[in-house]
Structure formats: structure tokens, C-alpha cells
Amino acid sequence: MASTLGTDTAQGKGQLISNINACTALADAVRTTLGRGGMAKLVHDEKGNTTISNDDATIMNLLDIVHPGAKILADIAKSQDSEVGGGTTTVVLLAAEFLKEAKPFVEDGGQLHNLISSYRIASMMALKKIEDLAVSIEGKSLEEKKQLLSKCAATTLSSKLIGGEKEFSASMVVDAVIAIGNDGRLNLIGIKKVPGDTMRDSFLVKGVAFKNTFSYAGFEEQPKKFQSPKILLLNVELERKPEKENAEISLSDPLQYQSIVDVERTIMYIKLDQCVKSGAKIVLSRLAIGDQVTKYFADRDIFCSGHVAEEDLMRVADATGATVQIIVHNIIDEVLGSCEIFEERQVGNERFNIFSGCPSDQTATIVLRGGADEFIEEAEKCLHDAIMIVRRALKNLTVVPGGGAIDMEISTYLRQHASTTAGNSQLFINAYAKALEVIPRQICDNAGSDATDVLNKLRQKHASGEGANYGVDINT
């Protein structure tokens, strides 16, 4: 049945099957990205941009999905990505598999409300079983917590483009998340990308680091390192500029022009004197700091930098305890920040300003190195996912084994429960249990193992009652 607008308004069983088919087709497009043996996808869009990724939320964002049923599946991946960070492929595969297992019942004209209520019961039982199986890290020492959190981060990274450096990256991520403490605001962890060298040359700054934005004349003469400096943050332009408006001044004598220039210069030097009097050794401004001013500060052993990005300026304010000023008169000590060490360091082709040992330890910066631009862009996304996962683990403090182990254990548990249930409910709960096996099966398929053989071994281990932590090891 087609409406006048040319949209498909099919109803009933036909539309349900169309929705299931669309979701299955979308899941088929991304199922090969799951697990360590998973492959990345190269997506080329109409604007000519190329993205290499195996994060489902990223891939689905780039696909032009028209079918409304499939769009819901894409939204599931996006919400998983924004809420948890990892597991996007897992949720897409599970959702599609639940639908696929329900398809025969829909085709046979089964009672859908029975199917839905059975799925709900199975879902609640699965959640309860997960709580029973979860391992808590509450009350453990910091070292033990770090080890477990590193494993969580490494699990997320193992299927990513930077999987080869997962141990190195995971420990860096865990240190960064622990550095921001209970605050949990993601913008307290900065990721700065510098092309060149290898992933191993990346490093973590427990503080703030950002690129030296603009090189004014005289910047080479500035000191490049300070111990315990005072820091002044400004949202003030420190350079002589032509009038913004079309201002006109009528002069009767050319010498009068010189007096106007002298007044402008005097006003500028009054501002600079106020900055010097404050005792600050580092002056950062969101607006321009001109050549003359840079030279003036350099002569007085003061480091300055203009055009600092707002995000970086706010992170420096959070870390050092400074307050951004919009005027430079009567600057009091309370608005100045401080840190143990400030240095300007060469990283690749960039000069970096690095503030470490800040009074508020709750900020960290990862300086990310790597070869090609596409690689470094994807590495940033991988680290973002790992940061999200570690943050989530620190909030929830309970973890379960991966590699399809938890899926197999719940599947076994639900099959046992189904055998004690009468009526159609038994079929529906069995279908739910079978759908859970898609995760270990797909991990095997992606790794090139015999999925049937591995799943049979896993079923035996889990049915014996002692193999709750057995999952798929793609190496063996």
C-alpha cells in the first residue's frame, strides 16, 4: 500500500519481516569488525573523505541508512558509544540476532506478545545472572585496580587499529583516567595529535600540554623552562591594532598624528607594566599577543603565548587554579595560577607548552604520535573508547570476563531454565539463549577458527558448571 507521498506504508507481518531483514543486513555489514581477528572498514563518503575504522558507531554514522528499522539499530550503536564507549559491535550483533531468531515465529504467525514477554523475562534473568557472575574491584589496592582496569582497556583496544600496542596504550589510558579522579569530566583529558614517529613515542602529561599556537617575533628569546612560576590567563588583546570601526580623525598638523601614536603606545605599555607587576612569569591569552609585546616580555624573562584555544585555556585554568582575566588592572595573587614545572618542548615538528605538577591534579593530556594522518585520527578514537570504558569501570567497579565467556554462560543458564518452562515460552527463551551464542561464533569466524567445533567445546565446558570464565582464545 503506497501513500500519495510515495512512502512505503506497509503494515502487519510483511513490514515486521522487512524490518528484521533490514537490521540483519546492516549487522552483516559490520559483523566482521568484532574481536581481535576483526577487520577495519574503509569508508569513502561523497565529499571525498576517507575513514578507516572498526567502531560500529563511527561506521554507521558514515553510512546513508534509509530504512527506519535499520536506523533504530544505528541509534543503538550511537547510544552505546556515547554512554559506554565500547561494545558497539556487540550490541548491534545481539540486537540483530534476537530479531533473526524471532523471525521464524513471526513468519508462522505466532503470538507476538508472548514472544516479547518471554524475551523480557529472559533479559531480566540474564541481567541477574551477570550480577551473580561479576567480579568486584571495590576495596582493592590501587595497584590491583590498575591491573584490572588495564585489562578492561586492553580488551577494548585489542580489536582496534592500535591493538598491537594495547598494553602500552592501556596503561597510559588508565593513568590518565585515575589522574582526573572522581570528577569524570571527559574534557579534563586532552588528546593532542602530532604526526611522526611511532605509537610508542606517545606520552602522558599529568597536567596540561598544548601546541605553541603562533610564533611572534622575539619568541626565541623567551625563557623555555620555569620552576614554580605564577601563571596569568587573559582574554585581552595585547597588540596595537587599527580601529575596528571606520573611525576618522581630522588633523590640522602632521605632528598631531605622532601624539595619537604615542598615546596608543603609552596605553599599551601601561597594560604590559600591570602584567609584569603581577609577578606572573607565564602570560597566556585567548587573543593576539603582538611582536612588540612578545619582545617586551622576553626582555623581562617572561614567557607569553597568544591565540591559545579556549579549551586549552580552560584546562590550564582548571589545573593551575588561575582565573581568566578580561582586564589587566589591579591583578591580585588570587587570580594567578601556579604549577611545579613549566617547559616548552619540541615534539615532532611542533613546539609544546607543558604544565606539570599542577595544584589540581585532576587533569591529564595524552600526546599521541603516529605515522599517517588516518592512523593518528583512528588512534584518537580508539583511545577515546578506552578512556570511556575505564571511566565506566571505575564508576561501576564490577567486571565480567570477555571473549564470549559471559554470553555462553548466560546462554547455558537460560537453556536450563527453558527446559523447566511449559508452552511456547520454552521455544522463545531457547531462541534468546541461541541468539547470545552469536558473539563467540562471530569471534571464531573473524579469527578463521572452526566456529562449530569451538562452540561445542564451550557448551560442554559451561554445561559442566565449572567453566563460567571460558571464552574464545583466538590464538589457540
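In this predicted model, Arg415 and Glu437 form a salt bridge whose closest N and O atoms are 2.9 Å apart. The pair ties together distant parts of the chain: Arg415 sits in helix H12 (residues 405-418), while Glu437 lies 22 residues away in the loop between helix H13 (424-436) and helix H14 (438-447). The two partners differ in their surroundings. Glu437 has a relative accessible area of 2%, under the 20% limit, so it counts as buried, whereas Arg415 is partly exposed at 29%. Both also belong to a network of salt bridges that takes in Arg441 and Arg459.

Altogether the structure holds 22 salt bridges.

| Salt bridge | Distance |
|---|---|
| Arg415 and Glu437 | 2.9 Å |
| Arg345 and Glu343 | 3.5 Å |
| Lys457 and Asp453 | 3.6 Å |

Because they are 4 residues apart in helix H15 (residues 451-463), about one helical turn separates them. Lys457 is exposed, with 52% relative accessibility, and Asp453 is partly exposed, with 35%. Arg345, which pairs with Glu343, is likewise partly exposed, at 32% relative accessible area.

Let us turn to helix H4. Its 20 residues (88-107) should span 28 Å at 1.5 Å a residue, and the C-alpha atoms at its ends are 29 Å apart, which agrees. Even so, a kink of about 30° lies at Glu101, shortly before the proline Pro104. Just after the helix comes Gly109, with a positive phi of about 75°.

Is H4 largely enclosed or left open by the rest of the structure? Since 14 of its 20 residues are buried, H4 is largely enclosed. Thr90, also in H4, is partly exposed, with a relative accessible area of 26%. The C-alpha atom of Thr90 is 9.0 Å from that of Ala77, and 13 residues separate the two along the chain.

Strand S14 (residues 364-370) is another enclosed element: 7 of its 7 residues are buried, so the rest of the structure largely surrounds it. Both of its faces are covered, with Ala364, Ile366, Leu368 and Gly370 buried on one side and Thr365, Val367 and Arg369 buried on the other. Which strands pair with S14, and in what sense? Strand S4 (residues 189-195) runs parallel to S14 and is joined to it by 7 bridges, with Gly190 having Thr365 as its bridge partner. Strand S5 (residues 203-205) pairs with S14 in the antiparallel sense over 3 bridges, and there Leu204 stands opposite Ile366.

Leu16 belongs to helix H1 (residues 12-30) and is partly exposed, with a relative accessible area of 31%.

Finally, a look at a loop. Ala247 is placed between strand S8 (230-234) and helix H8 (254-277). Its relative accessible area of 52% is over the 50% limit, so Ala247 is exposed. Between the C-alpha atoms of Ala247 and Gly12 there are 72 Å, and the two residues are 235 apart along the chain.

Technical notes:
Residues numbered from 1 in each chain as written. Predicted model: local features only at pLDDT ≥ 70, side-chain atom pairs only at ≥ 80, totals over all residues. Heavy atoms only, no water. Helix = DSSP H or I, 4+ residues; strand = E, 2+ residues; numbered from the N terminus. Expected span 1.5 Å × (residues − 1). Bend = angle between axes of the 7 residues up to and from the residue. Buried < 20%, exposed > 50% of the residue type's maximum accessible area, 1.4 Å probe, protein only. Pairing = 2+ DSSP bridges. Salt bridge = Lys/Arg side-chain N within 4 Å of Asp/Glu carboxyl O.
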